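Hi everyone, thanks for coming.

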Amino acid sequence: MTELDLIEKKLDDHEKHYGAALLRGTCKDFGEYQRICGVIHGLNLAKTDLQDLRTKLEKQDNDD
């Protein structure tokens, strides 16, 4: 397992944690709901950037 895999797993774990909070309906108010949705959105952006980095590194390895 590479460093990128470990980071991706950690991001997935965080996303599952916050997603579960939404599914349980434990948000105290709409503000907390919005915050959790923002966190999940940010995690998805990070995962996309991580995948882009992985693709770039693999392309570099293949070019060498």
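Let's start with a word I'll keep using: helices (H or I, at least four residues) and strands (E, at least two) are DSSP runs, numbered from the N terminus. With that in hand, Gly31 is found in helix 2.

Before going on, some housekeeping. What you see is a predicted model, where local features need pLDDT of at least 70 and side-chain atom pairs count only at pLDDT 80 or more, while totals for chains, interfaces and linings use all residues. Residues are numbered from 1 along each chain as its sequence is written, and side-chain values use heavy atoms, with hydrogens and water left out.

Okay, the two helices. Helix 1 covers residues 3-24, and helix 2 covers residues 30-63. How do they pack? Their angle is about 160°, and their axes are 10 Å apart. Axes here are lines fitted to C-alpha atoms, for helices over the stretch in contact, and angles run from 0 to 180 degrees between N-to-C directions. Angles under 35 degrees count as roughly parallel, over 145 as roughly antiparallel, 65 to 115 as roughly perpendicular and the rest as oblique. So helix 1 and helix 2 are roughly antiparallel to each other.

What residues make up that contact? There are 16 nonpolar, 4 polar and 7 charged ones. For the record, Ala, Val, Leu, Ile, Met, Phe, Trp, Tyr, Cys and Pro count as nonpolar, Asp, Glu, Lys and Arg as charged, and the others, Gly among them, as polar.

Now zoom in on Arg54, which sits in helix 2. Is Arg54 buried or exposed? Buried means under 20% relative accessible area, exposed over 50%, and partly exposed in between (1.4 Å probe, protein chains only). Arg54 has 13%, so it's buried. If we skip residues up to four places away in sequence, Arg54 touches Thr2, Leu4, Asp5 and Glu8, where contact means heavy atoms within 4.5 Å.

Asp5, one of those partners, belongs to helix 1 and is partly exposed at 25% relative accessibility. Asp5 and Leu50 are 45 residues apart in sequence, and 9.4 Å apart in space, C-alpha to C-alpha.

Last stop, the cysteines. How many disulfides does the structure hold? The count is 0, with a disulfide taken as a pair of cysteine sulfur atoms within 2.5 Å. Cys27 is partly exposed at 22%, and Cys37 is partly exposed at 28%.
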